[in-house]
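Colleague: I would like to learn how to read a structure feature by feature. Could you walk me through this one?

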Amino acid sequence: MSVNKEEEMLFLKIMEEEIVPAEGCTEPIAIAYAAALATKYLGEKPQKLVINVSGNILKNAMSVVVPNSEGKVGIKVAAAMGALFGDAEADLMVISNVNADDMEIVTHFLQNNTVEINVAENAMALYINMEVEGNNHNASVEIKHTHTNVTKVIKDGKTLIDQPCNDSDFNSSLTDRSILSVEKIFHYANIIDIEKIAPVFSKVVDYNKRIAEEGLNQKYGVNIGAAIQKNISRGIYGDDQRNRSASFTAAGSDARMGGSAMPVMTTSGSGNQGMTASLPIIRYCLDQGISDEKLYRALFMSHLTTVHVKTNVGRLSAYCGAMTASAAVSGTLVYLEGGNVKDIQNAITNTLGNVSGVICDGAKASCATKIASGIYSAFDGAMLAQMGSVLSCDDGIIGDGVEDTIQNVGTLAQEGMKTTDKTILEIMTK
């Protein structure tokens, strides 16, 4: 296979859409972004906020610490921070400049103004409609399918922006992903001009490595990353690549879920997926003395494979998105070991067959523990593939090859886990 310029352009466009910086968990940050944008159109200080969100947004935003909030949790805090001090031009870095003095005003606002949360009555997994009211005007901003995809803006009853999209297709606002396959991703990882991908992946290394180090050195959440590292030092866990990679990756999630204001480079709309797709590969390459160019090509392999699997799963669902990234890591570990495309496909298959039962019960401290489990599974899946072992189509959801398996995972997440998603939300909101 040679370079197809049109295909290469599509791959780069998908990277541009999917690998972006964000500060904090993307669901509360998307709420803050909607509030900041609605207030910008309102043109005055809001007196009331009405937050209408899908169940999945509610699930992922209700229990996570909002960055720069002085340890506060939840949807109302994120919305008020965005409305009062958010920078609507900064996208998912919308509240990166909020400080302690600002938070005093946010706290006063929440104590003295109406901030209402409603679950939207539609079938979309990712949906936000932010309504703001001032003394003289009212405005609303609607977001669908992706965290910054603004589909409608209304001020004082007049529609200012109306960009309809296919409500039944959660990928309708994105570049067509049908071009993606594990074989093509492997091909372009090997031949793409390194200068075309180095800028974004050098930023991935910089941002995500820093927050992982923060999680190892400071107390956040349950600190599973630091706990693994401590037990390596004590000799209870072995000082091997598998444990070091799990520790490093989980530590990044510890910090992010625990409210660190450090930005991360996301993948498929998720910082946890971005860190899972990158940090074990970064740790592996640093420990093994692998060149920056090979590291960037491996990150291309890992991130684009994550996007490929997640495209079928959907932006938000009851299926833990970090497991899609863990499967991508498994294939990328084989790639770094010089494996062929078949072995890479088999590693991905092995990992998907292992961890596809892990549920998403919202963004919170325990995400880091799930990520550690996913990384351990990724190493197991890679090891089995390198030994010539792969789960067969007689094993549960495994299909006839990796692409069929990826499709089956999508069916499981989108159809089979609908009831699971509702039950999880009911449990969480009791």
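Colleague: Let me start with a single side chain: is Glu16 buried or exposed?

Modeller: Glu16 is exposed, because its relative accessible area is 55%. The general idea is a scale: buried means under 20% relative accessible area, exposed means over 50%, and partly exposed is in between, with a 1.4 Å probe and protein chains only. Before we go on, keep in mind that this is a predicted model, where local features need pLDDT of at least 70 and side-chain atom pairs count only at pLDDT 80 or more, while totals for chains, interfaces and linings use all residues. Residues are numbered from 1 along each chain as its sequence is written, and side-chain values use heavy atoms, leaving out hydrogens and water.

Colleague: Which side chain does Glu16 meet in a salt bridge?

Modeller: Side chains of opposite charge can pair when their charged atoms come close. To count as a salt bridge, a side-chain nitrogen of Lys or Arg must be within 4 Å of a carboxyl oxygen of Asp or Glu. Here Glu16 pairs with Lys13 at 4.0 Å, N to O. Both sit in helix α1, three residues apart, about one turn of the helix. Lys13 is partly exposed, at 37% relative accessible area. For element names, helices (H or I, at least four residues) and strands (E, at least two) are DSSP runs, numbered from the N terminus.

Colleague: How many salt bridges are there in the whole structure?

Modeller: A search of the whole structure gives 17. One of them joins Lys196 to Glu8, with the closest N and O atoms 2.8 Å apart. Lys196 belongs to helix α7 (residues 194–217) and Glu8 to helix α1 (residues 5–18), so this pair ties together parts 188 residues apart in sequence. Glu8 is buried, with 5% relative accessible area, whereas Lys196 is partly exposed at 37%.

Colleague: And what about Arg297 and Glu293?

Modeller: They form a salt bridge too, their closest N and O atoms being 3.1 Å apart. The two are four residues apart in helix α11 (residues 292–313), so about one helical turn separates them. Arg297 counts as buried at 10% relative accessibility, and Glu293 as partly exposed at 40%. Elsewhere, salt bridges that share partners join Asp239, Arg244, Arg283 and Asp287 into one network.

Colleague: What lines the second largest pocket?

Modeller: The second largest pocket, of about 360 Å³, is lined by 17 residues, and Glu17, Val20, Asp91, Leu92 and Thr148 lie nearest its centre. By class, the lining has six nonpolar, seven polar and four charged residues.

Colleague: Last, the backbone. Where does Asp156 lie?

Modeller: Asp156 is in the loop between β6 (150–155) and β7 (158–162). Although not a glycine, Asp156 has a positive phi of about 50 degrees, and this residue is partly exposed at 40%. Ser268, also not a glycine, has a positive phi near 55 degrees. Ser268 lies in the loop between β8 (263–265) and α10 and counts as buried, at 2% relative accessibility.

Technical notes
On a 1 Å grid over the protein atoms alone, a cavity is a set of points where a 1.4 Å probe fits but cannot get out, and a pocket is an open set with protein on both sides within 12 Å along at least five of seven lines; lining residues have an atom within 4 Å of a point. Grid points are joined across faces, edges and corners, and a volume is the space filled by probe spheres set on the points. Ala, Val, Leu, Ile, Met, Phe, Trp, Tyr, Cys and Pro count as nonpolar, Asp, Glu, Lys and Arg as charged, and the others, Gly among them, as polar.
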